[in-house]
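Reader: I have a structure to go through with you. Can we take it one piece at a time?

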Amino acid sequence: MNDCVAKLIEPRQLAEGLEKPSPQQAQAPGEKEDSHHKEANSVFNEEELLRRFMGDRSLASEIVDGFLRHVPSQLRDLEERLGQGDLVGARRQAHSIKGAALTVSAGALSAVAYEVENAAHAGELERAVRLFPDVSEEFEQLRTALSASGWV
Amino acid sequence: MKTLIVEDDFTNRLVLQRFPSRYGECHVAVNGKEAIEAFRLARNDGRGYDLICMDILMPEMDGHQAVQEIRGLEKEEGIAPATAVRIFMTTALSDLPNVTKSAQEHCDDYLLKPIDTGRLLHDLKSFGLVPA
């Protein structure tokens, strides 16, 4: 709480506070931008995933496995909601897929899910529907990448 | 430590449950309404939660409303802030209004997704919830 309150006083500090790495993830200056760049664009960022799971490959692998088993049902739900014109439900499901993708360091999937989330939030059903195939496609790309790198 | 994870996303639940479940009972709710119900039941059983990890954007009832109701219930019971349940917001929303609101709701911590397990463990220790 104290940390939180302190952050509220100074928005710039707040932003820094939120991004403050844990002692385990401290990194040299200059690396940060690069790793953000990679996160935002890569299909799968193994390095970032392992860093967030404290180098515990077996734990990370368990999460990746759960993710792969569960996301197909989320994609079906998203498609259905878009088909029904349910923008509120579609926004929430796209948000959920985005968050799950970030959790397994799947930057590209997360980015397209975020676009659907934004389109749904803005009430742009047509754009959200048009973007949906990209989400499915990125998920397939991710599955291929995970398979190729021995994660599944 | 007794924990309640309030999270609608399956993958994030897997991550968040991982550490608290090593240190005691760990329950799951998938939206704010379920969270309030779980909170009430635990208090009625005389074994309230030590920690609640709360997502913000969820179906049925969002995290802010759930936290406000939980803090309200604590106030009704006359629970002092020092012994109130620790609430960690666990969310992908990093905008100032959401952080400000969480602080006003007396949340103890604000962890951004994707969850860094090192940071989570660090914060559990610094709040004395798990042994350092």
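Reader: In what order do the elements of chain A run from the N terminus on?

Author: Chain A runs α-α-α-α-α-α-α-α from its N terminus. That is eight helices and zero strands. Helices (H or I, at least four residues) and strands (E, at least two) are DSSP runs, numbered from the N terminus. This is a predicted model: local features need pLDDT of at least 70, side-chain atom pairs count only at pLDDT 80 or more, and totals for chains, interfaces and linings use all residues. Residues are numbered from 1 along each chain as its sequence is written, with chains lettered from A and ligands numbered from 1 in the order in which they are written.

Reader: What percentage of the residues in chain A is buried?

Author: Of its 152 residues, 36% are buried. A residue is buried if 20 or more other C-beta atoms lie within 10 Å of its own, exposed if 12 or fewer, and partly exposed in between, with C-beta atoms placed from the backbone.

Reader: How many residues has helix α8 of chain A, and what does it span?

Author: α8(A) covers residues 125-148, which is 24 residues. From first C-alpha to last it reaches 35 Å, close to the 34 Å expected at 1.5 Å a residue. The expected span is 1.5 Å times one less than the number of residues.

Reader: Where does α8(A) bend?

Author: At A:Leu131, by about 30°, and a proline, A:Pro133, follows within four residues. The bend is the angle between axes fitted to the seven residues ending at a position and the seven starting there. Just after the helix, A:Gly150 has a positive phi of about 80°.

Reader: Which residues of α8(A) are buried, and what covers them?

Author: The buried ones are A:Ala128, A:Leu131, A:Phe132, A:Val135, A:Glu138, A:Phe139, A:Leu142 and A:Leu146. Their cover includes α5 (57-83), α6 (87-103) and α7 (107-121) of chain A. Contact here puts the C-beta atoms of two residues, placed from the backbone, within 7 Å.

Reader: What does A:Ala113 touch?

Author: Leaving out residues up to four places away in sequence, A:Ala113 touches A:Ala94, A:Ile97, A:Lys98, A:Ala101 and A:Val135.

Reader: And A:Tyr114, where is that, and why does it count as buried?

Author: A:Tyr114 is in helix α7 of chain A. It counts as buried because it has 20 C-beta neighbours inside 10 Å. Its C-alpha is separated by 9.5 Å from that of A:Val135, 21 residues apart along the chain.

Reader: How many residues are in the largest nonpolar core?

Author: The largest nonpolar core has 66 residues, and those with the most contacts inside it are A:Ala113, A:Val116, B:Val6, B:Ile52 and B:Met54. The largest share, eight residues, comes from α7(A). A nonpolar core is a set of buried Ala, Val, Leu, Ile, Met, Phe, Trp, Tyr and Cys residues joined through C-beta atoms within 7 Å.

Reader: Switching to chain B. Which way do the residues of strand β1 point?

Author: In β1(B), residues 3-6, B:Thr3 and B:Ile5 point one way and B:Leu4 and B:Val6 the other, and all are buried.

Reader: What do β1(B), helix α1 and β2(B) make?

Author: A right-handed β-α-β unit, with α1(B) at residues 10-18. Right-handed means that, with the strands pointing away from the viewer, the path from the first strand over the helix to the second runs clockwise.

Reader: How many bridges join β4(B) to β5(B)?

Author: Four, between parallel strands, with β4(B) at residues 86-91. B:Met89 stands opposite B:Tyr110 in β5(B). The crossover from β4(B) through α4(B) to β5(B) is right-handed.

Reader: Which peptide bond is cis?

Author: The one from B:Lys113 to B:Pro114, with omega near 0°. B:Pro114 is in the loop between β5 (109-112) and α5 (117-126) of chain B.

Reader: What is phi of B:Glu60?

Author: Near 70°, a positive value in a residue other than glycine. B:Glu60 lies in the loop between β3 and α3 (63-76) of chain B, and is partly exposed because 13 other C-beta atoms lie within 10 Å.

Notes. Pairing = 2+ DSSP bridges.
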